[in-house]
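Trainee: I would like to go through some labels and ask what each one rests on.
Mentor: Go ahead.

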Amino acid sequence: MESHANELPGAVPEPENHADDQVNELRSKVAQLEKAMDSHAAIDQEIGVIVAVGRLTLGQAWDLLRETSMSTNIKLRHVAELVVTWGVTGKLASDIREELASRLNGST
């Protein structure tokens with residue numbers, strides 16, 4: 001049944017229902033936060049691998065990751081994922097391996 005209450009003189013307009021918009025906005029935020037947590041976990045794991053392999057400090061490992069990402073034009077999260085996989089499988093893409101080796105040799 002259609003309401004015409006808003007058409008009456010002096011009537012107070014009915015509030016609009018924004019619940020669907022709010023739910024969609026919250027779902028989007030949750031998805032973004034989940035992605036950020038996953039990315040952060042991969043980066044933390046990568047830093048751990050670099051600290052162990054390169055005998056670096058956490059700060060040095062972070063710089064190494066960031067600089068490798070910039071110089072290879074590969075997203076930071078993806079470089080981190082590749083390095084973590086390397087820690088498990090021993091396999092690493094040659095461009096990342098060469099960049100890491102170059103930077104590790106220069107920092108030690």
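Trainee: What makes aspartate 63 and arginine 66 a salt bridge?
Mentor: This is a predicted model, and in it the closest N and O atoms of aspartate 63 and arginine 66 are 3.0 Å apart. The cut-off is within 4 Å, so the pair counts as a salt bridge. Both residues lie in helix α2 (residues 58-72), three residues apart, about one turn of the helix.

Trainee: Why is aspartate 63 called partly exposed?
Mentor: Its relative accessible area is 32%. Buried means under 20% and exposed over 50%, so aspartate 63 falls in between. Arginine 66, at 30%, is also partly exposed.

Trainee: Which residue pairs with glutamate 67 in a salt bridge?
Mentor: Arginine 103 does, at 3.1 Å from N to O. Arginine 103 lies in helix α4 (residues 94-107) and glutamate 67 in helix α2, so the pair ties together parts that are 36 residues apart in sequence.

Trainee: Is glutamate 99 buried or exposed?
Mentor: Glutamate 99 has a relative accessible area of 17%. That is under 20%, so glutamate 99 is buried. The side chain of glutamate 99 also meets arginine 103 in a salt bridge, at 2.6 Å from N to O. Shared partners join Glu67, Glu99 and Arg103 into one network.

Trainee: How do you know which residues of α3 line one face of the helix?
Mentor: The buried residues of α3 are Val79, Ala80, Val83 and Val84. Seen down the axis of α3, they fall within an arc of 135°, so they line one face.

Technical notes. Residues are numbered from 1 along each chain as its sequence is written. This is a predicted model: local features need pLDDT of at least 70, side-chain atom pairs count only at pLDDT 80 or more; totals for chains, interfaces and linings use all residues. Side-chain values use heavy atoms; hydrogens and water are left out. Buried means under 20% relative accessible area, exposed over 50%, partly exposed in between (1.4 Å probe, protein chains only). Helices (H or I, at least four residues) and strands (E, at least two) are DSSP runs, numbered from the N terminus. The arc is that of the directions from the helix axis to the C-beta atoms.
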